[in-house]
Amino acid sequence: MMAEETAKRPHRRLMAELAYHDLEVGVAKNFHVVVHGKIFRSAQPNRKQFIEMEKHGCVSVLNLRSHHSDLPIISGLQIKEYRVATHHMTEEDIKAALEVLRDAPKPLLIHSCRGIDRTGLVVAAYRIVFENVLPSEALARYRDRVNGLHRYLYRAFPRLIRKIDWEAMKAAILSGKPSEAAQEETVSNGECACNE
């Protein structure tokens with residue numbers, strides 16, 4: 001009986017984790033945990049999903065969409081939007097996003113339209129800079145189909161991951177000084193600082 005009970009425990013733990021994951025996935029499409037309790041990623045949430053995220057403690061959102069602000073749908077919520085408004089990301093865009101990830105209150109959600117390419121690129125950069133993951137490993141995770149990936153769109157993103165001087169990027173981000181690009185392109189407290 002004891003051996004049988006022990007064998008059931010991992011199964012129960014797995015079922016509990018799957019149930020917890022299903023709850024999270026219900027928050028927004030393509031929802032994944034980046035850093036448990038601190039950073040999440042997803043596709044574009046709707047108002048109802050933002051309300052649910054706020055109920056579960058989410059206080060910040062990093063919106064990587066160029067022409068779609070979250071301000072109309074988070075109006076009246078305590079969630080604050082931070083923007084890096086870009087469609088085809090550059091090294092400066094990545095730096096600005098990493099500064100938001102460094103400075104914005106947590107828990108924070110990163111999203112783009114589908115939560116795939118731009119979001120995946122920022123998550124890869126986060127892992128390289130803050131978790132000391134090798135760029136090759138971050139690139140492999142970026143290409144993992146679990147999060148979704150457009151094979152032929154955004155082909156420059158893997159090249160960008162390989163091209164960036166990550167030691168210089170780490171030094172710049174971990175110094176704590178915001179770049180001018182981050183100050184100009186960031187939205188906070190409901191006041192848009194970018195042109196659409």
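Predicted model: local features only at pLDDT ≥ 70, side-chain atom pairs only at ≥ 80, totals over all residues.

Q: What's the mean pLDDT of the chain, and where is confidence lowest and highest?
A: The chain has a mean pLDDT of 79, and 71% of its residues reach 70 or more. Confidence is lowest in helix 9 (residues 180-185), with a mean of 45, and highest in strand 3 (residues 60-63), at 97. Over residues 13-25 the pLDDT is below 50, and that stretch has five contacts in the model beyond near neighbours in sequence. Helices (H or I, at least four residues) and strands (E, at least two) are DSSP runs, numbered from the N terminus.

Q: OK, packing. Which residues touch the most other members of the largest nonpolar core?
A: Leu62, Ile94, Leu98, Leu101 and Ile110, in a core of 36 residues. A nonpolar core here is a set of buried Ala, Val, Leu, Ile, Met, Phe, Trp, Tyr and Cys residues joined through side-chain atoms within 4.5 Å. Buried means under 20% relative accessible area, exposed over 50%, and partly exposed in between (1.4 Å probe, protein chains only).

Q: Which element gives the largest share of this core?
A: Helix 5, with eight residues.

Q: And what does leucine 101 touch?
A: Not counting residues up to four places away in sequence, leucine 101 touches Ile39, Leu62, Lys106, Leu108, Ile110, Val122 and Tyr126. Apart from that core lies another, of eleven residues, including Phe31 and Met53.

Q: Phe31, then. Which residue does phenylalanine 31 pair with, and are the two buried or exposed?
A: Phenylalanine 31 forms a stacked aromatic pair with phenylalanine 40, at 5.4 Å centre to centre and 25 degrees between the planes. Both residues are buried. Rings of Phe, Tyr and Trp (its six-membered ring) pair if their centres lie within 6.5 Å; planes under 30 degrees apart are stacked, over 60 edge-to-face, and the rest tilted.

Q: What stands opposite phenylalanine 40 in strand 2?
A: Valine 33 does. Strand 1 and strand 2 (residues 39-42) pair in the antiparallel sense over three bridges, where pairing takes at least two DSSP bridges. Their hairpin has three residues between the strands, and glycine 37 there takes a positive phi near 80 degrees.

Q: What about asparagine 132, buried or exposed?
A: Asparagine 132 counts as exposed, because its relative accessibility is 57%. Asparagine 132 sits in the loop between helix 5 and helix 6, and has a positive phi of about 55 degrees although it is not a glycine.

Q: Last one: where is the cis peptide bond?
A: From lysine 106 to proline 107, with omega near 0 degrees. Proline 107 lies in the loop between helix 4 and strand 5. Most peptide bonds are trans.

Key: Residues numbered from 1 in each chain as written. Heavy atoms only, no water. Contact = heavy atoms within 4.5 Å. pLDDT = per-residue confidence, 0-100.
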